[in-house]
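Reader: I have some questions about how the terms are used here. Can we take them one by one?

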Amino acid sequence: MTSRLPKLVAFDLDYTLWDFWIDTHVHPPLKRDPSTGKVIDSQRNPKTINFYRDVPHIMHRLQAADVTIAACSRTDAPSLAREALDLILIPPKTGDNNAKPIPAIKFFDQLEIYPSSKIKHFKKLHEKTGIPYDEMLFFDDEWRNQEVEELGVTFTLVPNGLNVRILEKGLKEWRKRHPVQVTEDVVGADSALI
């Protein structure tokens, strides 16, 4: 079985990486508690701003594999989404006891966060990175965003927040659509045939 990865993996934000709509459920300004690292908004009963449990592991895994990581969100609050990504801290990789938490935004190579269709987001990603659409995998909680498949992007629905199982499902589907092309090595074969 192949462990080949797409060159770019993109994630929606709302209900894909975190459990809210940033433009509806979160009230600025946001702040991070310096002692706990916890990020909260400014409601009377503050909302904790954080990723789903498996997201930090997934980010480390993709970054270690040199995959381009992108955020694609059509939110009406792009600056608040960026602020949240800047304030959320991703813990160091397991076993890396000397490392400090890293702002989540540093894991993202590309940010397409503005009100528009996901088609426009992916056209911009392609334009900026030069990565072919068929080398892109997208995770989103809304079926309507499957429209990106028209471009050649592989889409994976995230029904209840991103986790390792959903990541593997998306990677499996992407690999199925894009099998590794193996060329047999004829060097060393019967020289009479060459």
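Author: Start with residue classes: Asp, Glu, Lys and Arg count as charged. Note also that this is a predicted model.

Reader: What is the make-up of the lining of the largest pocket by class?
Author: The lining has nine charged, three polar and two nonpolar residues. The pocket's volume is about 200 Å³. Of the 14 lining residues, the closest to the centre are Asp14, Trp21, Arg74, Glu142 and Arg144. Trp counts as nonpolar.

Reader: What makes Glu149 and Arg177 a salt bridge?
Author: The cut-off is 4 Å between a side-chain nitrogen of Lys or Arg and a carboxyl oxygen of Asp or Glu. In this pair the closest N and O atoms are 2.9 Å apart. The pair therefore meets the cut-off of 4 Å. Glu149 sits in the loop between E9 and E10 and Arg177 in helix H4 (residues 164-177), so the pair ties together parts 28 residues apart in sequence. The count by this rule is 11 salt bridges.

Reader: How do you know that E1 and E5 pair?
Author: Pairing needs at least two bridges. Four bridges join strand E1 (residues 8-11) to strand E5 (residues 68-73), so the two strands pair. They run parallel. Val9 stands opposite Ile69 in E5.

Reader: Why are E8 and E10 called edge strands?
Author: The open sheet has five strands in the order E8-E5-E1-E9-E10, with parallel pairing. Strand E8 (110-113) and strand E10 (154-157) each pair on one side only. The twist averages 20° from one strand to the next.

Reader: Which helix lies across E1, E5, E8 and E9?
Author: Helix H3 (residues 118-129) does, running at about 155° to E8.

Terms used
Residues are numbered from 1 along each chain as its sequence is written. This is a predicted model: local features need pLDDT of at least 70, side-chain atom pairs count only at pLDDT 80 or more; totals for chains, interfaces and linings use all residues. Side-chain values use heavy atoms; hydrogens and water are left out. On a 1 Å grid over the protein atoms alone, a cavity is a set of points where a 1.4 Å probe fits but cannot get out, and a pocket is an open set with protein on both sides within 12 Å along at least five of seven lines; lining residues have an atom within 4 Å of a point. Grid points are joined across faces, edges and corners, and a volume is the space filled by probe spheres set on the points. Axes are lines fitted to C-alpha atoms, for helices over the stretch in contact, and angles run from 0 to 180 degrees between N-to-C directions. Contact means heavy atoms within 4.5 Å.
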